[in-house]
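Here are some notes to go with the model. Have it open while you read, and work through the points in order.

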Amino acid sequence: MATLKVPVSANDHRQGSAHAKVTLVEFGDYECPYCGEAYWMVKNLQQHFRDDLLFVFRNFPLTTAHPHALGAAVTAEYAGSRGFFWEAHDELYENQDRLGLPLYRAIVLKHGLSSEELDVAVREDTYLPKIQSDFNGGVRSGVNGTPAFYFDGLRYDGVPEFNEMSQMIELLLVRGRNR
């Protein structure tokens, strides 16, 4: 079974309680239609498990298949550097059919950020090292497509579907209580 080779750290985008009993890491691509479906499922898992689930998102743009994936990841990272990662992340997935520079600029402007700074970040590859680091960590961890999920460091190879994944979380919660 594949394991997460790069542990969750302060460099990650995290959502949920630091004291959560289960950590879910996703390697995702903003243009991937399966990631778009998984986005809603993860939201439901977060709502269902609340403080018991810590969600971590890592970039894994499949640029040969998805020409807008890298620009979307840069937009999320730029917004994240200004404290708006999750807002951008959500808006990118909720507007997957509109990915491209007009959407990226609209997202940053909506949050009072500079579209000129975003343009500079794109031109100068400002966030490419972070995105590449996420990607490389995914490759080292056995990611070969998106979305890829890891529960408490172990690769989840089941169907990325609410019932199956919630059962996995329940199992991990029970195991944690029995320790």
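**Notes on the model**

1. Gln 46 is a buried residue, at 16% relative accessible area (buried means under 20%, exposed over 50% and partly exposed in between, with a 1.4 Å probe and protein chains only). Gln 46 sits in helix 1, residues 33–49 (helices are DSSP runs of H or I with at least four residues, strands are runs of E with at least two, and both are numbered from the N terminus). Setting aside neighbours within four places in sequence, Gln 46 touches Gln 15, Leu 53 and Phe 55 (contact means heavy atoms within 4.5 Å).

2. Before going on, the ground rules: this is a predicted model, where local features need pLDDT of at least 70 and side-chain atom pairs count only at pLDDT 80 or more, while totals for chains, interfaces and linings use all residues. Residues are numbered from 1 along each chain as its sequence is written, and side-chain values use heavy atoms, with hydrogens and water left out.

3. His 13 belongs to strand 1, residues 13–15, and is buried at 12% relative accessible area. Which side chain makes a polar contact with the side chain of His 13? That of Glu 77, at 2.9 Å (a polar contact is a pair of N or O atoms within 3.5 Å; within protein, one must be able to donate a hydrogen and the other to accept it, and residues adjacent in sequence count only if both atoms are side-chain atoms). Beyond neighbours within four places in sequence, the contacts of His 13 are Phe 55, Val 56, Phe 57, Glu 77, Phe 85, Trp 86 and Lys 130.

4. Glu 77 also turns up where helix 2 meets helix 6, alongside Leu 70, Ala 73 and Val 74 of helix 2, with Leu 128, Lys 130 and Ile 131 on the helix 6 side. Helix 2 (residues 69–81) and helix 6 (residues 128–140) pack at about 115°, with axes 10 Å apart (axes are lines fitted to C-alpha atoms, for helices over the stretch in contact, and angles run from 0 to 180 degrees between N-to-C directions). The pair is therefore roughly perpendicular (65 to 115 degrees; under 35 is roughly parallel, over 145 roughly antiparallel and the rest oblique).

5. Val 74, Thr 75 and Tyr 78 of helix 2 meet Glu 117, Leu 118 and Val 122 of helix 5.

6. Is helix 3 mostly covered or mostly open? Helix 3 (residues 85–94) is mostly covered, with eight of its 10 residues buried. Among them are Phe 85 and Trp 86, both of which contact His 13. The cover includes strand 1, strand 2 (22–28), helix 1, strand 3 (53–59), helix 2 and helix 4 (101–110).

7. Some backbone spots to look at. Thr 146 and Pro 147 are joined by a cis peptide bond, with omega about -5°; Pro 147 is in the loop between helix 6 and strand 4 (148–151). Arg 50 has a positive phi, near 45°; this residue lies in the loop between helix 1 and strand 3 and is exposed at 57% relative accessibility. Phi is positive at Asp 152 too, near 50°. Asp 152 is in the loop between strand 4 and strand 5 (154–156) and is partly exposed at 40%.
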